[in-house]
Amino acid sequence: MHAETPLYLAAVLSLGVAAQWLAWRLRLPAIVLLLAFGFVLGNFARPDEYIGEALLPMASLAVGVILFEGGLSLQLREIKETGGVVLRLVTIGLLATWALTTAAAHWMMAFSLPMAALVGALLTVSGPTVILPLLRQVRPERRVGNVIKWEGIVNDPIGAVLAALVFEVVRRLAAGDAADAAGGLLAAESFRNLAMTIVVGLILGGLSAALVIAMLSNYLAPDFLQNPLILAIVIAVCAASNAIRPESGLVTVTVLGLLLANQDRVTVKHVVEFKENLRVLLISVLFIVLSSRVELGVEQLRQIGWWGLLFLAAVILVIRPVAAGLATLGSDLRRNERLLLCWIHPRGIVAAAVASLLAIQFKDTRFADEADRLVLVTFMVIVGTVVVYGLTLSGVARRLGLAGDEPQGVMFAGASPMTREIALALKSEGFDTLLVDTNPQNISAARMAGLPVCYASIASDFVQEE
(Lines give C-alpha, C1' and ligand atoms only; values in the text may rest on other atoms or scores of the structure.)
Protein backbone atom coordinates (compact mmCIF):
# COMPACT_ATOMS: atom_id res chain seq x y z
CA MET A 1 0.00 0.00 0.00
CA HIS A 2 1.23 3.48 -0.88
CA ALA A 3 2.20 5.69 2.06
CA GLU A 4 -0.25 8.38 0.90
CA THR A 5 -3.20 6.00 0.43
CA PRO A 6 -5.22 7.50 3.34
CA LEU A 7 -4.83 10.97 1.82
CA TYR A 8 -5.89 9.65 -1.59
CA LEU A 9 -9.01 7.96 -0.15
CA ALA A 10 -9.95 11.12 1.74
CA ALA A 11 -9.56 13.15 -1.45
CA VAL A 12 -11.77 10.73 -3.43
CA LEU A 13 -14.54 10.84 -0.83
CA SER A 14 -14.35 14.63 -0.54
CA LEU A 15 -14.43 15.13 -4.31
CA GLY A 16 -17.36 12.72 -4.62
CA VAL A 17 -19.51 14.50 -2.06
CA ALA A 18 -18.49 17.90 -3.47
CA ALA A 19 -19.56 16.79 -6.97
CA GLN A 20 -22.92 15.58 -5.64
CA TRP A 21 -23.51 18.88 -3.82
CA LEU A 22 -22.44 20.99 -6.80
CA ALA A 23 -24.69 18.97 -9.11
CA TRP A 24 -27.61 19.58 -6.75
CA ARG A 25 -26.90 23.32 -6.68
CA LEU A 26 -26.55 23.58 -10.47
CA ARG A 27 -29.43 21.15 -11.18
CA LEU A 28 -27.17 18.94 -13.30
CA PRO A 29 -26.94 15.14 -13.44
CA ALA A 30 -24.50 14.22 -10.67
CA ILE A 31 -22.81 11.55 -12.76
CA VAL A 32 -21.51 14.17 -15.20
CA LEU A 33 -19.63 16.10 -12.51
CA LEU A 34 -18.45 12.88 -10.85
CA LEU A 35 -16.90 11.73 -14.11
CA ALA A 36 -15.38 15.17 -14.76
CA PHE A 37 -13.81 15.24 -11.27
CA GLY A 38 -12.51 11.71 -11.82
CA PHE A 39 -10.91 12.54 -15.17
CA VAL A 40 -9.16 15.53 -13.58
CA LEU A 41 -8.01 13.49 -10.57
CA GLY A 42 -6.59 10.86 -12.94
CA ASN A 43 -4.04 13.41 -14.16
CA PHE A 44 -2.58 13.67 -10.66
CA ALA A 45 -3.17 10.29 -9.02
CA ARG A 46 -3.99 6.84 -10.38
CA PRO A 47 -6.07 4.52 -8.16
CA ASP A 48 -3.99 1.46 -9.13
CA GLU A 49 -0.98 3.10 -7.49
CA TYR A 50 -2.77 3.78 -4.21
CA ILE A 51 -5.26 0.92 -3.92
CA GLY A 52 -3.61 -1.73 -6.08
CA GLU A 53 -5.22 -5.09 -6.69
CA ALA A 54 -7.97 -4.43 -4.13
CA LEU A 55 -9.59 -1.85 -6.44
CA LEU A 56 -11.59 -4.11 -8.75
CA PRO A 57 -12.88 -6.55 -6.09
CA MET A 58 -13.99 -3.57 -4.00
CA ALA A 59 -15.72 -2.09 -7.03
CA SER A 60 -17.51 -5.37 -7.69
CA LEU A 61 -18.84 -5.60 -4.11
CA ALA A 62 -19.86 -1.94 -4.12
CA VAL A 63 -21.87 -2.47 -7.32
CA GLY A 64 -23.55 -5.40 -5.58
CA VAL A 65 -24.67 -3.14 -2.71
CA ILE A 66 -25.98 -0.59 -5.21
CA LEU A 67 -28.00 -3.22 -7.06
CA PHE A 68 -29.36 -4.56 -3.75
CA GLU A 69 -30.64 -1.07 -2.98
CA GLY A 70 -32.17 -0.95 -6.45
CA GLY A 71 -33.92 -4.27 -5.82
CA LEU A 72 -35.37 -2.85 -2.57
CA SER A 73 -37.14 -0.17 -4.63
CA LEU A 74 -39.00 -2.71 -6.78
CA GLN A 75 -42.61 -3.33 -5.74
CA LEU A 76 -44.43 -6.11 -7.59
CA ARG A 77 -47.71 -4.21 -7.41
CA GLU A 78 -46.16 -1.54 -9.64
CA ILE A 79 -46.14 -3.81 -12.68
CA LYS A 80 -49.50 -5.53 -12.42
CA GLU A 81 -50.56 -3.68 -15.57
CA THR A 82 -47.25 -3.58 -17.38
CA GLY A 83 -45.35 -6.72 -16.34
CA GLY A 84 -45.50 -8.06 -19.89
CA VAL A 85 -43.93 -4.88 -21.26
CA VAL A 86 -41.10 -5.01 -18.72
CA LEU A 87 -40.44 -8.67 -19.57
CA ARG A 88 -40.25 -7.85 -23.29
CA LEU A 89 -37.96 -4.89 -22.67
CA VAL A 90 -35.45 -6.99 -20.70
CA THR A 91 -35.56 -9.82 -23.27
CA ILE A 92 -36.48 -8.65 -26.78
CA GLY A 93 -35.34 -5.09 -26.13
CA LEU A 94 -32.07 -6.15 -24.52
CA LEU A 95 -31.21 -8.63 -27.29
CA ALA A 96 -32.04 -6.05 -29.97
CA THR A 97 -29.83 -3.50 -28.20
CA TRP A 98 -27.01 -6.04 -28.04
CA ALA A 99 -27.26 -6.98 -31.72
CA LEU A 100 -27.54 -3.42 -33.04
CA THR A 101 -24.80 -2.06 -30.76
CA THR A 102 -22.51 -4.91 -31.79
CA ALA A 103 -23.04 -4.07 -35.46
CA ALA A 104 -22.46 -0.35 -34.84
CA ALA A 105 -19.29 -1.00 -32.79
CA HIS A 106 -17.92 -3.24 -35.53
CA TRP A 107 -18.67 -1.00 -38.51
CA MET A 108 -18.33 2.45 -36.95
CA MET A 109 -15.65 1.95 -34.27
CA ALA A 110 -13.62 -0.74 -36.12
CA PHE A 111 -13.79 -3.26 -33.27
CA SER A 112 -13.24 -6.87 -34.21
CA LEU A 113 -16.45 -8.91 -34.10
CA PRO A 114 -15.66 -10.59 -30.74
CA MET A 115 -14.83 -7.29 -29.04
CA ALA A 116 -17.79 -5.57 -30.75
CA ALA A 117 -20.05 -8.24 -29.25
CA LEU A 118 -18.55 -7.49 -25.82
CA VAL A 119 -19.11 -3.74 -26.31
CA GLY A 120 -22.72 -4.46 -27.30
CA ALA A 121 -23.29 -6.61 -24.20
CA LEU A 122 -21.78 -3.98 -21.87
CA LEU A 123 -23.95 -1.22 -23.29
CA THR A 124 -27.24 -3.06 -22.74
CA VAL A 125 -27.26 -2.04 -19.07
CA SER A 126 -28.60 1.14 -17.52
CA GLY A 127 -29.30 0.81 -13.82
CA PRO A 128 -30.61 2.54 -10.69
CA THR A 129 -27.65 4.91 -10.39
CA VAL A 130 -28.88 6.92 -13.37
CA ILE A 131 -32.52 5.88 -13.83
CA LEU A 132 -33.79 6.76 -10.34
CA PRO A 133 -32.32 10.31 -10.27
CA LEU A 134 -33.80 10.98 -13.73
CA LEU A 135 -37.21 9.74 -12.61
CA ARG A 136 -37.08 11.96 -9.52
CA GLN A 137 -36.24 14.89 -11.79
CA VAL A 138 -38.92 14.21 -14.43
CA ARG A 139 -41.72 12.66 -12.30
CA PRO A 140 -43.43 10.88 -15.21
CA GLU A 141 -46.89 9.32 -14.98
CA ARG A 142 -47.00 6.32 -12.68
CA ARG A 143 -47.42 3.57 -15.29
CA VAL A 144 -44.62 4.55 -17.66
CA GLY A 145 -42.44 5.57 -14.71
CA ASN A 146 -42.75 2.09 -13.21
CA VAL A 147 -41.85 0.48 -16.55
CA ILE A 148 -38.74 2.66 -16.85
CA LYS A 149 -37.65 1.92 -13.27
CA TRP A 150 -38.16 -1.84 -13.55
CA GLU A 151 -36.37 -2.07 -16.89
CA GLY A 152 -33.42 -0.04 -15.63
CA ILE A 153 -32.92 -2.10 -12.48
CA VAL A 154 -33.68 -5.58 -13.84
CA ASN A 155 -31.57 -5.34 -16.98
CA ASP A 156 -28.45 -4.44 -14.98
CA PRO A 157 -27.73 -7.97 -13.69
CA ILE A 158 -28.97 -9.49 -16.96
CA GLY A 159 -26.65 -7.28 -19.02
CA ALA A 160 -23.73 -7.95 -16.68
CA VAL A 161 -24.26 -11.71 -16.97
CA LEU A 162 -24.49 -11.41 -20.76
CA ALA A 163 -21.23 -9.46 -20.80
CA ALA A 164 -19.57 -12.16 -18.65
CA LEU A 165 -20.68 -14.90 -21.05
CA VAL A 166 -19.45 -12.98 -24.09
CA PHE A 167 -16.19 -12.22 -22.27
CA GLU A 168 -15.61 -15.94 -21.74
CA VAL A 169 -15.89 -16.53 -25.49
CA VAL A 170 -13.58 -13.60 -26.29
CA ARG A 171 -11.09 -14.75 -23.66
CA ARG A 172 -10.86 -18.15 -25.35
CA LEU A 173 -10.28 -16.48 -28.68
CA ALA A 174 -7.55 -14.36 -27.09
CA ALA A 175 -5.94 -17.58 -25.84
CA GLY A 176 -6.13 -19.02 -29.36
CA ASP A 177 -8.71 -21.69 -28.49
CA ALA A 178 -10.94 -20.91 -31.47
CA ALA A 179 -12.69 -24.27 -31.60
CA ASP A 180 -13.87 -24.12 -28.00
CA ALA A 181 -14.86 -20.46 -28.44
CA ALA A 182 -16.93 -21.26 -31.50
CA GLY A 183 -18.63 -24.12 -29.68
CA GLY A 184 -19.48 -21.92 -26.73
CA LEU A 185 -20.73 -19.20 -29.04
CA LEU A 186 -23.00 -21.65 -30.81
CA ALA A 187 -24.83 -22.36 -27.57
CA ALA A 188 -24.17 -25.40 -25.44
CA GLU A 189 -21.71 -24.10 -22.88
CA SER A 190 -22.99 -20.53 -22.93
CA PHE A 191 -26.53 -21.63 -22.18
CA ARG A 192 -25.28 -23.94 -19.44
CA ASN A 193 -23.30 -21.10 -17.88
CA LEU A 194 -26.31 -18.79 -18.13
CA ALA A 195 -28.55 -21.36 -16.48
CA MET A 196 -26.01 -21.90 -13.68
CA THR A 197 -25.73 -18.17 -13.10
CA ILE A 198 -29.50 -17.75 -12.82
CA VAL A 199 -29.90 -20.81 -10.59
CA VAL A 200 -27.09 -19.70 -8.24
CA GLY A 201 -28.54 -16.19 -8.08
CA LEU A 202 -32.08 -17.37 -7.35
CA ILE A 203 -31.05 -19.94 -4.73
CA LEU A 204 -28.59 -17.74 -2.81
CA GLY A 205 -30.88 -14.71 -3.13
CA GLY A 206 -33.85 -16.70 -1.79
CA LEU A 207 -31.87 -18.29 1.06
CA SER A 208 -30.33 -15.00 2.16
CA ALA A 209 -33.76 -13.29 2.05
CA ALA A 210 -35.19 -16.08 4.23
CA LEU A 211 -32.28 -15.64 6.65
CA VAL A 212 -32.80 -11.87 6.94
CA ILE A 213 -36.57 -12.26 7.42
CA ALA A 214 -36.08 -14.96 10.07
CA MET A 215 -33.56 -12.84 11.99
CA LEU A 216 -35.74 -9.73 11.95
CA SER A 217 -39.04 -11.48 12.70
CA ASN A 218 -37.54 -13.40 15.64
CA TYR A 219 -35.75 -10.32 17.02
CA LEU A 220 -32.33 -11.99 16.81
CA ALA A 221 -30.59 -8.66 16.25
CA PRO A 222 -31.07 -5.35 18.12
CA ASP A 223 -32.19 -2.30 16.19
CA PHE A 224 -28.75 -0.69 16.09
CA LEU A 225 -27.22 -3.82 14.50
CA GLN A 226 -29.84 -4.55 11.86
CA ASN A 227 -28.51 -2.27 9.12
CA PRO A 228 -24.83 -3.31 9.54
CA LEU A 229 -25.89 -6.96 9.74
CA ILE A 230 -27.91 -6.82 6.51
CA LEU A 231 -25.08 -4.96 4.78
CA ALA A 232 -22.66 -7.70 5.85
CA ILE A 233 -25.05 -10.38 4.54
CA VAL A 234 -25.39 -8.58 1.19
CA ILE A 235 -21.61 -8.32 0.75
CA ALA A 236 -21.06 -11.91 1.90
CA VAL A 237 -23.64 -13.48 -0.43
CA CYS A 238 -22.46 -11.31 -3.33
CA ALA A 239 -18.87 -12.49 -2.86
CA ALA A 240 -19.92 -16.12 -2.29
CA SER A 241 -22.14 -16.08 -5.36
CA ASN A 242 -19.37 -14.62 -7.52
CA ALA A 243 -16.99 -17.29 -6.22
CA ILE A 244 -19.43 -20.04 -7.25
CA ARG A 245 -20.33 -18.48 -10.59
CA PRO A 246 -18.75 -15.23 -11.94
CA GLU A 247 -21.12 -12.26 -12.11
CA SER A 248 -23.96 -14.21 -10.47
CA GLY A 249 -23.56 -11.98 -7.40
CA LEU A 250 -25.42 -9.17 -9.16
CA VAL A 251 -28.37 -11.49 -9.76
CA THR A 252 -28.23 -12.71 -6.15
CA VAL A 253 -28.35 -9.27 -4.52
CA THR A 254 -31.07 -8.03 -6.88
CA VAL A 255 -33.22 -11.06 -6.01
CA LEU A 256 -32.48 -10.51 -2.32
CA GLY A 257 -33.59 -6.88 -2.48
CA LEU A 258 -36.71 -7.74 -4.51
CA LEU A 259 -37.81 -10.45 -2.07
CA LEU A 260 -37.27 -8.25 1.00
CA ALA A 261 -39.19 -5.39 -0.58
CA ASN A 262 -42.22 -7.55 -1.37
CA GLN A 263 -42.71 -9.52 1.86
CA ASP A 264 -45.01 -8.41 4.68
CA ARG A 265 -43.58 -10.25 7.69
CA VAL A 266 -41.07 -7.59 8.74
CA THR A 267 -40.54 -3.92 7.92
CA VAL A 268 -37.43 -3.01 5.95
CA LYS A 269 -38.05 0.73 5.71
CA HIS A 270 -35.05 1.50 7.91
CA VAL A 271 -32.89 -0.68 5.65
CA VAL A 272 -34.07 1.23 2.57
CA GLU A 273 -33.19 4.59 4.14
CA PHE A 274 -29.75 3.35 5.23
CA LYS A 275 -28.99 1.87 1.79
CA GLU A 276 -30.09 5.07 0.01
CA ASN A 277 -27.50 7.07 1.98
CA LEU A 278 -24.87 4.40 1.44
CA ARG A 279 -25.65 4.31 -2.28
CA VAL A 280 -24.87 8.02 -2.66
CA LEU A 281 -21.45 7.54 -1.06
CA LEU A 282 -20.65 4.40 -3.06
CA ILE A 283 -21.66 5.97 -6.36
CA SER A 284 -19.62 9.09 -5.58
CA VAL A 285 -16.49 7.10 -4.80
CA LEU A 286 -16.88 4.52 -7.57
CA PHE A 287 -17.43 6.94 -10.42
CA ILE A 288 -14.45 9.08 -9.41
CA VAL A 289 -12.12 6.11 -8.88
CA LEU A 290 -13.10 4.27 -12.07
CA SER A 291 -13.04 7.37 -14.29
CA SER A 292 -9.65 8.38 -12.87
CA ARG A 293 -8.27 5.09 -14.29
CA VAL A 294 -9.14 6.24 -17.82
CA GLU A 295 -6.37 8.02 -19.68
CA LEU A 296 -8.02 10.95 -21.43
CA GLY A 297 -5.41 12.63 -23.57
CA VAL A 298 -5.02 13.72 -27.17
CA GLU A 299 -4.12 10.20 -28.27
CA GLN A 300 -7.20 8.72 -26.60
CA LEU A 301 -9.49 11.35 -28.13
CA ARG A 302 -7.92 10.63 -31.50
CA GLN A 303 -8.75 6.94 -31.05
CA ILE A 304 -12.41 7.80 -30.56
CA GLY A 305 -12.52 10.52 -33.24
CA TRP A 306 -15.61 11.68 -35.10
CA TRP A 307 -16.73 8.10 -35.53
CA GLY A 308 -17.11 7.94 -31.77
CA LEU A 309 -19.61 10.79 -31.83
CA LEU A 310 -21.48 9.12 -34.68
CA PHE A 311 -21.54 5.88 -32.68
CA LEU A 312 -22.97 7.75 -29.68
CA ALA A 313 -25.60 9.35 -31.92
CA ALA A 314 -26.52 5.92 -33.28
CA VAL A 315 -26.88 4.53 -29.75
CA ILE A 316 -29.26 7.32 -28.76
CA LEU A 317 -31.14 8.11 -31.98
CA VAL A 318 -31.35 4.70 -33.66
CA ILE A 319 -30.56 1.73 -31.44
CA ARG A 320 -32.67 2.65 -28.41
CA PRO A 321 -35.77 3.72 -30.41
CA VAL A 322 -35.62 0.55 -32.52
CA ALA A 323 -35.10 -1.75 -29.51
CA ALA A 324 -37.83 -0.10 -27.41
CA GLY A 325 -40.17 0.02 -30.40
CA LEU A 326 -39.75 -3.70 -31.08
CA ALA A 327 -40.22 -4.59 -27.40
CA THR A 328 -43.42 -2.56 -27.00
CA LEU A 329 -44.95 -3.44 -30.38
CA GLY A 330 -48.52 -4.59 -29.82
CA SER A 331 -48.53 -3.65 -26.11
CA ASP A 332 -51.29 -1.62 -24.47
CA LEU A 333 -48.94 1.33 -23.87
CA ARG A 334 -50.13 4.58 -25.39
CA ARG A 335 -48.15 6.13 -28.23
CA ASN A 336 -46.70 8.87 -26.04
CA GLU A 337 -45.59 6.30 -23.44
CA ARG A 338 -43.81 4.27 -26.11
CA LEU A 339 -42.11 7.41 -27.40
CA LEU A 340 -40.87 8.27 -23.92
CA LEU A 341 -39.42 4.75 -23.56
CA CYS A 342 -37.58 5.34 -26.83
CA TRP A 343 -35.90 8.39 -25.27
CA ILE A 344 -34.45 6.98 -22.07
CA HIS A 345 -31.62 4.49 -21.72
CA PRO A 346 -28.68 6.11 -19.89
CA ARG A 347 -25.70 3.98 -18.88
CA GLY A 348 -24.32 4.03 -15.36
CA ILE A 349 -21.97 2.53 -12.83
CA VAL A 350 -22.49 -1.13 -13.79
CA ALA A 351 -21.33 -0.49 -17.36
CA ALA A 352 -18.29 1.44 -16.05
CA ALA A 353 -17.39 -1.14 -13.41
CA VAL A 354 -17.85 -4.23 -15.59
CA ALA A 355 -15.91 -2.62 -18.47
CA SER A 356 -13.03 -1.83 -16.10
CA LEU A 357 -13.15 -5.32 -14.56
CA LEU A 358 -13.10 -7.10 -17.92
CA ALA A 359 -10.64 -4.86 -19.76
CA ILE A 360 -7.85 -5.44 -17.26
CA GLN A 361 -8.06 -9.20 -17.92
CA PHE A 362 -7.13 -8.66 -21.58
CA LYS A 363 -3.69 -7.38 -20.65
CA ASP A 364 -0.92 -9.04 -22.66
CA THR A 365 -3.38 -10.59 -25.13
CA ARG A 366 -4.03 -9.77 -28.77
CA PHE A 367 -7.14 -7.84 -27.67
CA ALA A 368 -5.23 -5.52 -25.28
CA ASP A 369 -5.43 -2.42 -27.51
CA GLU A 370 -9.12 -2.98 -28.21
CA ALA A 371 -9.76 -3.48 -24.48
CA ASP A 372 -8.37 0.00 -23.80
CA ARG A 373 -10.66 1.43 -26.48
CA LEU A 374 -13.56 -0.54 -25.01
CA VAL A 375 -13.21 1.33 -21.71
CA LEU A 376 -12.94 4.67 -23.53
CA VAL A 377 -16.05 3.99 -25.61
CA THR A 378 -17.98 2.81 -22.55
CA PHE A 379 -17.21 6.00 -20.61
CA MET A 380 -17.98 8.09 -23.69
CA VAL A 381 -21.43 6.48 -23.93
CA ILE A 382 -22.00 6.91 -20.18
CA VAL A 383 -21.20 10.63 -20.32
CA GLY A 384 -23.05 11.18 -23.60
CA THR A 385 -26.25 9.40 -22.66
CA VAL A 386 -26.45 10.94 -19.19
CA VAL A 387 -25.89 14.46 -20.54
CA VAL A 388 -28.36 14.08 -23.42
CA TYR A 389 -31.12 12.39 -21.43
CA GLY A 390 -30.48 14.45 -18.30
CA LEU A 391 -30.84 17.76 -20.16
CA THR A 392 -33.72 16.81 -22.47
CA LEU A 393 -35.89 14.19 -20.74
CA SER A 394 -37.96 16.66 -18.70
CA GLY A 395 -38.84 18.66 -21.81
CA VAL A 396 -39.63 15.54 -23.83
CA ALA A 397 -41.85 14.14 -21.06
CA ARG A 398 -43.77 17.43 -20.74
CA ARG A 399 -44.18 17.68 -24.50
CA LEU A 400 -45.59 14.15 -24.56
CA GLY A 401 -47.97 15.01 -21.72
CA LEU A 402 -46.39 12.51 -19.32
CA ALA A 403 -44.95 14.88 -16.73
CA GLY A 404 -46.49 17.77 -14.90
CA ASP A 405 -44.95 21.09 -14.01
CA GLU A 406 -42.78 21.45 -10.93
CA PRO A 407 -44.98 20.00 -8.17
CA GLN A 408 -46.33 22.64 -5.80
CA GLY A 409 -48.92 21.26 -3.42
CA VAL A 410 -50.03 20.66 0.14
CA MET A 411 -51.11 17.41 1.77
CA PHE A 412 -53.41 17.77 4.77
CA ALA A 413 -53.55 15.34 7.69
CA GLY A 414 -57.33 15.33 8.14
CA ALA A 415 -60.32 16.69 6.23
CA SER A 416 -62.23 18.68 8.85
CA PRO A 417 -64.46 21.62 7.77
CA MET A 418 -61.71 24.18 8.44
CA THR A 419 -59.15 22.07 6.57
CA ARG A 420 -61.53 21.81 3.60
CA GLU A 421 -61.90 25.60 3.47
CA ILE A 422 -58.11 26.07 3.48
CA ALA A 423 -57.71 23.44 0.77
CA LEU A 424 -60.39 25.10 -1.38
CA ALA A 425 -58.65 28.46 -1.02
CA LEU A 426 -55.32 26.94 -2.07
CA LYS A 427 -56.98 25.15 -4.97
CA SER A 428 -58.47 28.41 -6.21
CA GLU A 429 -54.94 29.84 -6.31
CA GLY A 430 -53.76 26.98 -8.54
CA PHE A 431 -52.07 24.75 -5.96
CA ASP A 432 -52.60 21.00 -5.78
CA THR A 433 -54.03 19.64 -2.54
CA LEU A 434 -54.61 16.20 -1.06
CA LEU A 435 -56.65 15.48 2.07
CA VAL A 436 -55.85 12.29 4.01
CA ASP A 437 -58.37 11.15 6.62
CA THR A 438 -59.90 8.03 8.17
CA ASN A 439 -63.28 9.69 8.89
CA PRO A 440 -65.81 8.60 6.21
CA GLN A 441 -67.99 11.72 6.72
CA ASN A 442 -65.04 14.08 6.25
CA ILE A 443 -63.87 12.15 3.18
CA SER A 444 -67.35 12.28 1.65
CA ALA A 445 -67.74 16.01 2.31
CA ALA A 446 -64.31 16.77 0.82
CA ARG A 447 -65.07 14.68 -2.25
CA MET A 448 -68.40 16.49 -2.71
CA ALA A 449 -66.50 19.79 -2.55
CA GLY A 450 -64.30 18.64 -5.44
CA LEU A 451 -61.15 18.07 -3.40
CA PRO A 452 -58.75 15.12 -3.97
CA VAL A 453 -58.91 12.77 -1.00
CA CYS A 454 -57.23 9.62 0.33
CA TYR A 455 -59.10 7.35 2.75
CA ALA A 456 -56.18 6.15 4.90
CA SER A 457 -54.15 6.88 8.02
CA ILE A 458 -51.57 9.61 7.53
CA ALA A 459 -49.03 7.41 9.35
CA SER A 460 -49.62 4.30 7.23
CA ASP A 461 -46.98 2.79 4.97
CA PHE A 462 -49.44 3.10 2.07
CA VAL A 463 -49.57 6.90 2.35
CA GLN A 464 -45.80 7.22 2.70
CA GLU A 465 -45.11 4.97 -0.30
CA GLU A 466 -47.92 5.99 -2.64
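The protein chain contains 20 helices and 3 strands, where helices (H or I, at least four residues) and strands (E, at least two) are DSSP runs numbered from the N terminus. The structure is a predicted model, in which local features need pLDDT of at least 70 and side-chain atom pairs count only at pLDDT 80 or more, while totals for chains, interfaces and linings use all residues. Residues are numbered from 1 along each chain as its sequence is written, and side-chain values use heavy atoms, with hydrogens and water left out.

The overall dimensions of the protein chain were examined next. A compact globule of 466 residues would have a radius of gyration near 23 Å, and the 24 Å of the protein chain agrees with this; the radius is taken over C-alpha atoms, and the globule rule is 2.2 Å times the number of residues to the power 0.38. Along the principal axes, the C-alpha atoms fill a box of roughly 80 × 50 × 50 Å. Of the contacts between residues at least 6 apart in sequence, 77% join residues at least 24 apart, a contact being defined by heavy atoms within 4.5 Å.

The accessible surface of the protein chain amounts to about 21800 Å², and 65% of this surface belongs to carbon and sulfur atoms. Accessible areas come from the Shrake-Rupley method with a 1.4 Å probe, and for residues only the protein chains shown count as cover. Buried residues account for 52% of the 466 residues; buried means under 20% relative accessible area, exposed over 50%, and partly exposed in between (1.4 Å probe, protein chains only). The protein chain carries 34 positive and 36 negative side chains, and the centres of the two sets lie 6 Å apart. In this count Lys and Arg are positive and Asp and Glu negative, whereas His and the chain ends are not counted; the place of a charge is NZ of Lys, CZ of Arg, CG of Asp or CD of Glu.

Helix H16 (residues 349-359) is largely enclosed by the rest of the structure, because 11 of its 11 residues are buried. Among them are Ile349, Val350, Leu357 and Leu358. Alanine 359 also belongs to helix H16 and is buried at 13% relative accessibility. Leaving aside neighbours within four places in sequence, alanine 359 is in contact with Ala371 and Val375. The C-alpha atoms of alanine 359 and glutamate 370, 11 residues apart along the chain, are separated by 8.8 Å.

Cysteine residues were also considered. Cysteine 238 is buried at 1% relative accessibility, and cysteine 342 is buried with a relative accessible area of 13%. A search of the whole structure finds 0 disulfides, a disulfide being a pair of cysteine sulfur atoms within 2.5 Å.

Several loop residues complete the description. Most residues other than glycine have a negative phi. Alanine 110, although not a glycine, has a positive phi of about 60 degrees; alanine 110 lies in the loop between helix H5 (83-108) and helix H6 (113-122) and is exposed, with a relative accessible area of 59%. Arginine 139, likewise not a glycine, has a positive phi of about 55 degrees. The loop between helix H7 (128-138) and helix H8 (142-174) holds arginine 139, which counts as exposed at 52% relative accessibility. Threonine 267, in the loop between helix H12 (248-261) and helix H13 (269-292), is partly exposed at 48% relative accessibility. Threonine 267 and leucine 211 are 56 residues apart in sequence and 14 Å apart in space, C-alpha to C-alpha.
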